[in-house]
Amino acid sequence: MEELKKLIRDVPDFPQKGIIFKDITTLIKVKDGFRRSIDLLKEQVKDISFEKFVAIESRGYIFGAALAYVLNKGLVIVRKPGKLPAETIKEEYSLEYGTNTIEMHKDAINNGEKVIIIDDLLATGGTALATAKLVERLGGKVEGILFLIELDFLRGREKLEGYDIYSIIHY
Ligand code: AMP
């Protein structure tokens, strides 16, 4: 865990002043860093019964794709507006820096289907909460929300009260 933490780069004042951006590109470019991250994430959810990962754009895709492959699950992608080609549903949410809207294909999740949401990092929890709402609007059931990194001091976990939150590396 400490070895992984050492591979994550702090970039001060990105994308705006006052934010310390946790850069995972320095972790995933190292083969053992990437493999170990996937192994640890897999351990967190391997005993949960679910059908699909729902991955958040864009760093969530890196971990979501590898996990869906190793755990033999489907993969749904949540995207920024205007990127998905077919009919979508949308949610607006606030970020640690600014606001945003995310979209999911209307037919991405079947009624009653169980999913795990995946992203690289939990900050305020706004993105994950908006994603959970999209899943639930389609009749899906959120069995857990999985992150590689959690910024504990932003209390995203409190915003996501009622959901099972799993994370590996804490700041
Ligand atoms: P939030 O909705 O506040 O939990 O923000 C989470 C989303 O924004 C994730 O997709 C993160 O990748 C990104 N994010 C927010 N804050 C940071 C940060 N300090 N370092 C890296 N990514 C961040």
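Is F34 buried, exposed or partly exposed? F34 has 25% relative accessibility, so it counts as partly exposed. The points below cover this residue and its surroundings in what is a predicted model.

1. Start with the two helices. Helix α3 spans residues 31-45, and helix α4 spans residues 59-71. They pack at an angle of about 65 degrees. Their axes lie 10 Å apart. The crossing of α3 past α4 is right-handed.

2. Now look at who touches whom. From α3 come F34, S37, I38, L41, K42 and V45. From α4 come I62, F63, A66, L67, V70 and L71. Sorted by class, this contact has ten nonpolar residues, one polar and one charged.

3. Turn to the rings. The structure holds three aromatic pairs. One of them joins F14 and F21 edge-to-face. The centres are 5.2 Å apart, with 85 degrees between the planes. F14 is partly exposed because its relative accessibility is 43%. F21 has 12%, so it counts as buried.

4. F34 and F63 form another aromatic pair, and this one is tilted. Centre to centre, the distance is 6.2 Å; the planes make 50 degrees. The pair links distant parts of the chain, since F34 in helix α3 and F63 in helix α4 are 29 residues apart. F63 counts as buried because its relative accessibility is 0%.

5. Finally, check Y171. The charged end of K5 sits over the Y171 ring, 4.7 Å from the ring centre. The charged end of K22 also sits over the ring of Y171, at 3.8 Å from its centre.

Note on methods:
Residues numbered from 1 in each chain as written. Predicted model: local features only at pLDDT ≥ 70, side-chain atom pairs only at ≥ 80, totals over all residues. Heavy atoms only, no water. Axes fitted to C-alpha atoms, helices over the stretch in contact; angles between N-to-C directions. Helix = DSSP H or I, 4+ residues; strand = E, 2+ residues; numbered from the N terminus. Left-handed = near helix turned anticlockwise from the far one by under 90°. Contact = heavy atoms within 4.5 Å. Nonpolar A, V, L, I, M, F, W, Y, C, P; charged D, E, K, R; others polar. Phe/Tyr/Trp six-rings, centres within 6.5 Å; stacked < 30°, edge-to-face > 60°. Buried < 20%, exposed > 50% of the residue type's maximum accessible area, 1.4 Å probe, protein only. Lys NZ or Arg CZ within 6 Å of the ring centre and 35° of its normal.
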